[in-house]
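Trainee: Could you show me how to read packing and charge pairing from a set of coordinates?

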Amino acid sequence: MLVTVTLNAAIDKTYRLSHFRSGELHRTGDVLSLPGGKGINVARVAKALGQDVVASGFVAGHNGRFIAEGCEREGITSSFIETRGESRLCLAFLDEQEKTVTEVLEQGLSPSEEEISRLQTRLIELADQAQYMVFSGSLPGGVPTETYAALVRGVAGKGTGTACVLDTSGQALLEGIKATPSLIKPNRPEAEAILGFSLDSDEARCRAIRELRERGAQRVLLSLGEEGAWFGDGQETWRISAIPLADAEVKNTVGCGDSMLAGVLVGKLRGLAWPDSIWLGMACGAANTRSFGAGMIELDDVQQLRSQPMHVERVE
């Protein structure tokens, strides 16, 4: 089983506009409202691939009920901790003319120490059945930057064998790495921000994987968009080319990284080798670009994209 943890869950609202201009009045075409946040996006794609998945984290108020009930309607088991306040809204405006996405993200709720402790207890209970537990997204406002590290240590310390995966950024990532997660998945800007150097060469990318592992991550998956991905586990380092996409196919890039991570973990749960799992993940990420909403895929798209020749090269 796969468990996803979203501390800053949201209602994701996506608007399709013929054009988006600052200072103008816009009337929307299509509008899509979904349970959101990076972990929930991972859960949605994993479920679409046929994987049993539980979504946990924090929800609050009317928006929180929409999130939890929406997960259940999609076949995702809901196991959230309810807190005070109101879960946030995240807005995405798709400009069909310019092929751009503009996002407006609320900060979100601020769970108390007692509520974080309740979540820790819940996650330890869920870990008894989980092969992977994914901690994804930003931290809520006011929450200590070491929160992910504490949650990962709490799960790992119970000896359940659950592999903890961390997908966040900034100080939360720097602190979280210290808890030795099984896998981290930074994109290029996220990795560059915490490492302090550009990932503009093969040498720099190998160095990045080495340094992130030295800081505590057991495995590193660098997501490089159109340049594909790099993966290292201390024994081998692989470079995997991206799946080519025509510009006309790309409708929305929000949620591609989450879709990729879902595919990777489903691949591992099915017993695939890391390069093959990453290729499945890349097919899911590419399939997400064809959708209107974040973390949405069509299985036919995934199969068609995955059937393309895989270009994998061992670098170290």
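Mentor: Let us begin with packing, for which contact means heavy atoms within 4.5 Å. The model here is a predicted one, and in it the buried residues of α5 pack against α4 (147–156), β9 (163–167), β10 (183–184), α6 (188–195) and α7 (202–214).

Trainee: Which are the buried residues of helix α5?

Mentor: Helix α5 spans residues 170–177, and its buried residues are A172, L173, E175, G176 and I177. As a general idea, an α-helix has 3.6 residues a turn, so residues three or four places apart point the same way.

Trainee: How should I then read the salt bridges, and how many does the structure hold?

Mentor: The general idea is that side chains of opposite charge can pair when their charged atoms come close. The structure holds 17 salt bridges, one of which joins the side chains of K38 and D258 at 2.6 Å, N to O. That pair links distant parts of the chain, with K38 in helix α1 (residues 38–48) and D258 in helix α8 (residues 256–269), 220 residues apart.

Trainee: Is D258 buried or exposed?

Mentor: D258 counts as buried because its relative accessible area is 3%, a value to be set against the cut-off of under 20%, whereas K38 is partly exposed at 29%.

Trainee: Which residues do salt bridges with shared partners join into one network?

Mentor: The network is made up of R188, E192, R205 and E227.

Definitions and conventions
Residues are numbered from 1 along each chain as its sequence is written. This is a predicted model: local features need pLDDT of at least 70, side-chain atom pairs count only at pLDDT 80 or more; totals for chains, interfaces and linings use all residues. Side-chain values use heavy atoms; hydrogens and water are left out. Buried means under 20% relative accessible area, exposed over 50%, partly exposed in between (1.4 Å probe, protein chains only). Helices (H or I, at least four residues) and strands (E, at least two) are DSSP runs, numbered from the N terminus. A salt bridge is a side-chain nitrogen of Lys or Arg within 4 Å of a carboxyl oxygen of Asp or Glu.
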